[in-house]
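This report describes selected strands, helices and chain contacts of the structure shown below.

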Amino acid sequence: MSALQEKARELLASAAVQVVIGYGRGSGGAARAVFIREATKAGDLVFDGTCLQNLAVYLMKPEVRKLGKAALVVRPATLRTILQLAAENQIAENSLLALVPSAEEIVLLATFAAIEAHVAALDSDLSTAEKAELQRFTALGLDERRRFWEEQFSRCLKCYACRAACPLCYCTRCTVECNQPQWIPVPAHDLGNLEWNVMRAMHLAGRCVNCGDCSRACPVGIPLYLLNQKLVSDVFTGFNSRSGISARSDNALSTFKPNDPEDFIR
Amino acid sequence: MKTGFYPGCSMKGSAREYSESLLALAREIGRELPEVPDWNCCGATAAHNLDRDLALALPARILAAAEKAGMDEVLVPCAACYSRLKVTRHELLADDSLRQRISGLVEADYRGSAGVLNIIEWLGRVPDLEKLVKKPFQRKVACYYGCLLVRPAGVVKFDRPEDPQSMDLLMKKIGADPIDWAFKTECCGAGFSVSRTDLVARLSGQILDDAVSRGAEAVVVACPMCHLNLDLRRPNIEKRAGKKFHLPVIYITQAVGMALGLKPKQLGLQRHKVSPSALLAPASAKPPAGSKSASGDSPASAPLSGSSAGAPASTASKVN
Amino acid sequence: MPDFEPKIVAFVCNWCTYAGADLTGTSRMKYSPQVAIIRFPCTGRIDFMLLLKAFASGADGIIVSGCHPNDCHYSSGNFHARRRWIVFRGLLDFLGIDVRRVQFSWVSAAEGAKWAQLVNETAEHIRGLGPFTGYQRLRGLGVE
Amino acid sequence: MESEKRSIGREALAELISQWRSAGKRVLAPKRSGDKVDFAWVASLEEISLDHVQTVQSPKAALFPRVEELFSFRSADGRVEVRERDLGALPETVVFGLRPCDAAAFTALKAIFNWDSPDSLFSARLARTTLVAVACSSADEYCFCTSVGGGPGAIAGSDILLTDLGDGDFLAEIVSEKGRLMLQGAEALFRPGAGREKERCLARVEKAFDLEKVDPGLARRFDDDAFWAGQSLRCLGCGACAYVCPTCACFDIQDEGGITGKRLRCWDSCGFGLFTLHTSGHNPRPLQSQRWRQRLMHKFSYMPERQGVLGCVGCGRCSRACPVDMNILEHIRAIAEARP
Amino acid sequence: MARIGVFICHCGENISATVDVMKVAAEAAKIPGVAHSVEYKYMCSDPGQQLVKNAIREKGLTGVVVAACSPRMHEPTFRRACAEAGLNPFLCEMANIREHCSWVHEKGDATTDKAIDIVRTLVAKVKKNKALQPIKVPVTKVAMVIGGGIAGIQASLDIANAGHQVILVEKEPSIGGHMSQLSETFPTLDCSQCILTPRMVEVAQHLNITLFSYAELESLDGFIGNFKARIRKKARSLDEKLCTGCGLCTQKCPSRRIPSEFDAGLGLRPAIYVPFPQAVPNKPVIDREHCTYYRTGKCRLCEKVCPTQAIRFDQQDEIVEADVGAVVLATGFDIKHGDFFPEYGYGKYRDVIDGLQFERLASASGPTLGEIRRPSDGRVPETVVFVACAGSRDPAKGIEYCSKICCMYTAKHAMLYKHKVHHGKPYVFYMDIRAGGKMYEEFVRRAMEEDGVQYVRGRVSRIFERGGKLVVKGVDTLLAARPLEIEADLVVLATAGIAQPGAEELAQKLHVSYDAHKFYAEAHPKLRPVETNTAGIFLAGACQAPKDIPESVAQASGAAAKVAALFSQSELVREPLIAVVDRQAPPVYSSCVGCFLCQSACPYQAIEKEEIRGRDGQLLKTVAKVNPGLCQGCGTCVAFCRTKSIDIQGFSHEQVHAEVLALLNRGERDA
C-alpha cells in the first residue's frame, strides 16, 4: 500500500472527501482516470510515468461534482489549472483537496493559498525543449508555416476531443455551438477547421497552463500544443503575465497596461 | 559587495590629509579600499565647460576600469569628482546610444553597473558607529556641505538639497553637537579661489562669521575645495573682515578619526593652515571666547499664545 | 499585379475614426474606392473573428482603426483592443497568414487627412501583395 | 459458394494498383505518418503500409465523407434555383488494405443508409467502390472481431481478400461479383493458388464475450442509472469514438453561403452534449451516462433489432482513439458477464 | 420576411454628382427583403421625410435604410420620422454614401458599386435590428452635497431653491469651510463673516436641506438616479436636540490649551468647543483625544454645568443610510504645511507663518483680535515680508501648477497690514502677479501705489534667524539682479493650494477619477467642467482645482443646474444601445458560465453578479448581469466574452456579422 493509497484510504475512511480522483490501471499498459469512492478500493490508485492526463477536467463535469468534495491527484499542470479555474470563479476553495504524490510523503494542499505557494516553488515557464521547438518553428518562412498548418488542419475531424480534454474549455454553450450567427462553420472543411483552431487558441490566450492534454487527445495527432505554447510565451514576454499562478489574477486579455507595445500601429 | 576608491588629483595633492585620514579610518574599522586601477583625471568643473564628450569620457573610463576590476561601487571622497562621476553615470544610463559611443571613445565597454558613493554615504554604512567611539568629539561643530555634494538634486539624489541633515546625524553619532545654521550649502567661492580671491574672502567670510556667531568650535567639511577656501584663504578672509576667526576647518574623516581615538599624525591634522590644536585639548565646559550665544529659536516664554508656527496641532505652550 | 483592384474592409470606431472619415469627406479629399467602412461603437467592440469572416468572405486587406490612447470615448476600449491585436497578430503570423494584410491605426476625429493617406497607402500596399488567394483558396477545400 | 482462390506477388500487386490509378480509379489505403497509420488517397504500393495492426480512422470516408455536398443553390429575383449532384460524375474508388472487420462494417453502413428511403448519393458511391481487403496477420488487446461474428481472415463484405502468406506472395480470395470483374481486368497478374496455409498466417484473436448475452444484458441494465454513470464517469463527451468508428453514420446538415451556396452533409456524434438539444432548450439525454448508454444500445441492440445487422465489428478503433481510455470491449464484456 | 424600405438621397447633387443614384435604387430593389426602393433629391427635407412616413404606412415596412449623409448628422432626424410613422426608431439605419463615398471618390462605376455595397451592408444590418425601447431609470430626487464650504453651501441652496431635497455632509463640526477663516475677502475687502454667515444660517433654516455636520461619507453604491449613500455621523458626545448652544460648557472646561484648528494653530481652544462664534450648527463637540474624561475617566465638569443635561459621553458614531439621485463634490482644498520649506525655516521659526495663519491674525475673531502681532514675542512687526509662489509653480517641490489665488490674497494681506500698522514696511517677493479677475488688477495696483507695498520681483533663496531678526535673502531681478537681504520681523509664505488630505479615499469610494495631485478630474476641461466621468456625480469649487470664491460659487450654481436638469424628469431616459446578458428558460437559465473576466474589461463597473436560485432557494448558477443605468455601450465585454453570452443592442453579433458578409459578398460569389 503506497503512501498515496494510504492517504486516499485515510481521507475516504474519515469522510474528509467523498471521492478520490486519481490514476488507475488502464488498457494498453497506460494509466487512466479512476474515481475511488470507498476506502477499501484505495488500492486501485497508481502513480507512474504514464499518468499524464490533467484530472482537473473532471472538476468541471456535473456528474463528478455531484459526488461531493473530491481529493485530486495532481501534477504541476493540474495545480496551475486549479488556480486558473479559481481565478475564473469556477471552483470553490472548499470543494477540493490537492494530493501531490511524491516519493517520500504525500503533500496535501487544501487552500488556494497553499497551492499558490506550492506552484510558486515550481518553474511554470515553458521548458527549454519547448522553447527551442517554438523557436525553430517561428524561424520557418511565412509560406512554409502556412503550408504546415494547412496540411495539419486538413486532417482535423472537428471531433472536439481537444475541447473536451481541456479543463479550461468548460463553456456549456461554446461559440462553436452558436448558430445565430454561425461564427464557426460546423462542417470539418479546411476553412472551418482553420477558424475553429484560431478561435480555440485565442479563447485560451492568457488562460492556458500548457498541460498538453489537447494534443494528447487529438486522434489525428495535430500538434495543438504549438499554438497554445506560442500564445503562452507571447502573453508572458508581451505583458509579463502568466496564467495559473494565482487564484485571484485578472486575465491578461481583459486587462491592459497604458504602455503596451504598439510599434505595429500607425 | 566590493567597494573601490577613487582618490582623484586633490587627495594626492592639496588635500593629502583627507586621504590620510580616510585610509587610517578605513584600516581602523577593517574596511579595505582598493584604488581603481589606472585611474585618470575626472575632468572636474573645467571639462564640461569645454567639451561634453570629454566631460563624459573621462569619468566613463574610470568607472569602466572599476567595473572591469569587479567593483560593485566606487567611493569618491572629493565632492567635485563625485559630482562628475555621478552625472556621467546618470546621462549614460539614460541614453544607450550615447553610452555606446562614449564606450567606443574610451575603448572600454562601460555598462553602468558600478554605483558612485560619497564619503557621508560610506561612513553612514558603518554599522553602529557609536560603539566604535573611544573619545567622544564633544564640540559644537558647523557641518558645511558646500554645493556639489547635494546638487543638482535631480541627478545626485542625496539628502535634502536645501537643508541637508546627513552630516549632522553623523556628527551626533560621534558625540558632537552640530549647530543649526543657515550657511550649510551657501557658496564658498569655489573655483574663484585663484582668479577672484576677493570674492572667496567675502563669501567664505560670511560663512565663518555665521558659524562663529553661533558658537561653533570647528567647521566640518567633506570637499577639498571647500576646505581650501575656508582654511588656506583664511588670511585673505581675516584681512577683508578686519577680525580674526579662531575657527579650525577639519574633514569629516578627521573628526570621526579623532572620535575613534586615532593620533593627529595619522589624520594629517598638522597640515592645516588654521591649527586644529584647540580641538585636541580636552573639551572645556565653557563655550569658546568671542561668540555670544544667539537667541536661536529656543522657545523662550512668548507673550503670544500658540505653539511653533506652521504646525497647527502640536505640543501645548503657555498662553498669556 | 497592377490591374488587380483589392477589396479592403475597414472596421472603425464611431467616435474618432468614423468622424475622421466624415471630415475627410467634408474636406473633399480623395481616396481609393476599394475601402468600405463598417461602424462600431468602439475598437473594444471589434471581435477578432470578424477579421476571419472578412478574409473568408473574400477581403484582400483589412484596416482596423480607432481613437488614440487616452482619447477613447469610453476611456479604455482602445487599450483593451490593442492588447487583443498584439496576441491575434502573433497567432496569425505563427499560422503563416500574412499579417501585413491587416493594418491597425489610430485616427482621431480631426485627422481627416491621415485617414485618406492611410486608405490610399494601404490600398497601394495590398495591391502590391496581390489577391489573398492563400486564404480564399481554402473556401472550396475539404468538401467531397 | 466457395470463393475462387488465386495468389499474387508484391510486384504484381504494385502493378495492379498502378493499373487502377491509370484507369482513373481513386485508391484509398493505409499510409503511415509518424507513429500513426491512417487512410489516405495513395498513388502507388510504396505509399501503402501493411505492417500495422489497425488505422486510426476507418475507411468509411470513401462512401460517407467527412463533408459532402448534397446540392448547390442560387437565389435571384425572388426565385431559388437548385442544382442536384451529378451522380454519374462520382469517381471510381478502390479501398485497398482495409481489414476484414472494416469490410464487414460497410455492410452495416449499407443497412443504415438504405433503412427506409435509400440514400442515392451513398448508393452511387458504393456502386463505384471496390473493397480489396488484407487479412490481419497481427492484432492487439483492443481487437474483438471474433466476438461479434467476424475474424482476422473473414471474407464477409470484401470484394477480394488478400492474405499475406509471409513469403512475398499474397493469397487472393475472389469473394464478390465486383471481385471477379476486377480479376478479369488483370487476369495475367494472378497465379492459381491453393490457400492451404491461410490459417497459419492469420492473427489469433480470442473470443472475449458471448454475443448472445449482450442484448439481454443491455435490456436488464437499461434503467440502472448508477451502472451507466459508473461506466461513463471518465467520458468527456467528445466525438472521437464516433468519427473513427467504421459503422457510425450519424450526420448533420448545414447550408453554407448567402445568395449562392451549398447544402452540406457532415459527421455528427451522439456523444456530443448538444446532439439531442431541442430548440425549446429541453435535452432528452442531458447526462453523459445516457449518451454512453445510447452508443452501446444503438450498436448492440437497436441496429440488430431494426436492420438485422450488428452495429459493431470489433475493430477497437474507438478504444484506441479515446482520450480517456473508454474501452468498449471492457464495458461490453462487463454487461455480457453480469449476473442475470 | 423582412419588408425593408431603401431611400437613396441625391443630397442636391452632392451624392448624385459622382454616384448613379438610379442604379443604386434599382440594385437595392433586387436585394431579397427590400420591399420599396426609391431615390429623392433631398431626403432630409420635409417632403423627403414624408416619403419615408408614407412608405412605412402604405407598405407596412419593417425596416428603413436611408442612403444619404453620415448617421452622425441625420440619424436622429430619420429615426424620429420613423417613430412618427409608427416604426420603432431603432429599425432605421443610415448608409453613409456621401462623406464616405460620393465626396471622396471620382465619378465612375467603382464609386456607384461602392455605394451599392454600403446600402447592401446596412440592409443586411437592418434585417437583424430589433425594436428597442429607451431605457427608463427612476430618479430619486434627492441630492447629496459633500463639503460645507462656500461651494457646498451655494450648491445646496440652489438645488433646494429648485424644490429638491438636499443632504449636506460636512466633515468639520460647523459648515463654512476655509472662507469662514478669512478676515476680509478680495477684491472688495468685505468681511467674510458678513457675506458668509447669512448663507450658513439660510442653509440651517432651509426646509429642503438636511445638514449632517461632523459627518463623513462612509460608502456610495448604485448608479445615476439610484445612489445608496451611507453617512457616518461622528459622535459629538452631545444630544443636539437638548443643547441650546449657551456655551457654558466651553467656558468651564478645564483643559483649554489645545491648538485650535480654526485658528490654524495660533489660537487655543478647550476640549469641548465650538470652532468659531458664528458656527452653524452652533453646538459644541467634545475632542475625545484631548478631553480629560476620555483620557483618565475623571472631570465630567461640562456634564455638571450643562443646564439641559445634553452631554452624552457614551454616544457612538451613527451610520445613516440615504437614497440620493445625484452627488455634488464640494470638498474644497487645503494649503501645504509641514517641513516643506526647510530653507525658509517654515515649521522651525515661529515667525514664519502661512497665509491662513495671517488671515487668523488679521481676523477680528482671531487669537490677536485683529492686531498683527508676531507669534514668537507678540510684538507688532515693523517689517513684514510676503513670499508669493511658496511651493506653487515649483516642479522641484513636485507642484508645477499655479495655485491661482495667492497673488490676490498676498496683496490683500499686505494692504491689511498697512491699514493696521501704518508705519509698517511690507515687502512682496513675486515672480508674476496673476490678477485676472474682475477688479483684481486694480486691487493689486492700489496695494502698490496707495498702500506703498514694496513689490520685489525675485525669488527668496533662504530665510534664517539672526539677532532676533529674520534675514530674508532674495534677489531683485528688475534691478540688475542685485541680491538683497531684508531683515524682517515676520514672514508670510503664500504656500501652495493642494487637495484635501482625504481626497483620494473619497474619490475611490465614488469611483471618480482624479489627477496626479489628487484634484478631482472633470469630464471635459472646457465643455464639461462641473461633471465627472461617473454619471450623476458633479463637481464644485476648489476640490477640482485651486480657485477663488467667485469661481467656486459660479461652479456650484453650475453643478446645481446640472442636478436640477437631472431631476427635471421623473425618469432618466437613455439610449438603449447597451449590453445585455443572455437569459433562457430553465434549466439552462443563461449561456453565461460566470467566469466574470468581463468585469475587469468594463470601464464603468456596469457588470454585476446575479445569483440564480431554484424554487427551493438552492443556488444553481452565478451569472453576469449588466446594470442598464451604468452601461455606456462600448461593447468591450461583448467582443471579449468566450461564450458570446453578452451582446450589445444596436451593434449585436448578428448585425455586425451580417454587415461583414454583405459588404464582401456582392451576391455572385458563393461564400
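Strand β1 (residues 19-25) of chain A is mostly covered, with 5 of its 7 residues buried; a residue is buried if 20 or more other C-beta atoms, placed from the backbone, lie within 10 Å of its own. Helices (H or I, at least four residues) and strands (E, at least two) are DSSP runs numbered from the N terminus. This is a predicted model, in which local features need pLDDT of at least 70, side-chain atom pairs count only at pLDDT 80 or more, and totals for chains, interfaces and linings use all residues. Residues are numbered from 1 along each chain as its sequence is written, while chains are lettered from A and ligands numbered from 1 in the order in which they are written.

β1(A) has two pairing partners in the table, where pairing requires that DSSP finds at least two bridges between the strands.

| Partner of β1(A) | Sense | Bridges |
|---|---|---|
| β2(A), residues 31-36 | antiparallel | 6 bridges |
| β3(A), residues 70-73 | parallel | 3 bridges |

Within these pairings, A:Ile21 stands opposite A:Phe35 in β2(A), and A:Val19 stands opposite A:Ala70 in β3(A). The hairpin of β1(A) and β2(A) has 5 residues between the strands, and A:Gly28 takes a positive phi near 65 degrees there.

In chain E, helix α6 (residues 150-161) packs with helix α7 (residues 192-205) at an angle of about 50 degrees, their axes being 10 Å apart. Axes are lines fitted to C-alpha atoms over the stretch in contact, and angles run from 0 to 180 degrees between N-to-C directions. α6(E) is therefore oblique to α7(E), since angles under 35 degrees count as roughly parallel, over 145 as roughly antiparallel, 65 to 115 as roughly perpendicular and the rest as oblique. On the α6(E) side, E:Ile150, E:Ile153, E:Ser156 and E:Leu157 take part, meeting residues of α7(E) that include E:Leu196 and E:Arg199. This contact of α6(E) with α7(E) comprises 6 nonpolar, 1 polar and 2 charged residues. Ala, Val, Leu, Ile, Met, Phe, Trp, Tyr, Cys and Pro count as nonpolar, Asp, Glu, Lys and Arg as charged, and the others, Gly among them, as polar.

Chain C contributes 34 residues and chain E 37 residues. α1(C) gives the most to the side of chain C that touches chain E, with 6 residues. By contrast, chains B and D have no contact, and their closest C-alpha atoms lie 49 Å apart.

Conventions:
Two residues are in contact if their C-beta atoms, placed from the backbone, lie within 7 Å. A residue is buried if 20 or more other C-beta atoms lie within 10 Å of its own, exposed if 12 or fewer, and partly exposed in between; C-beta atoms are placed from the backbone.
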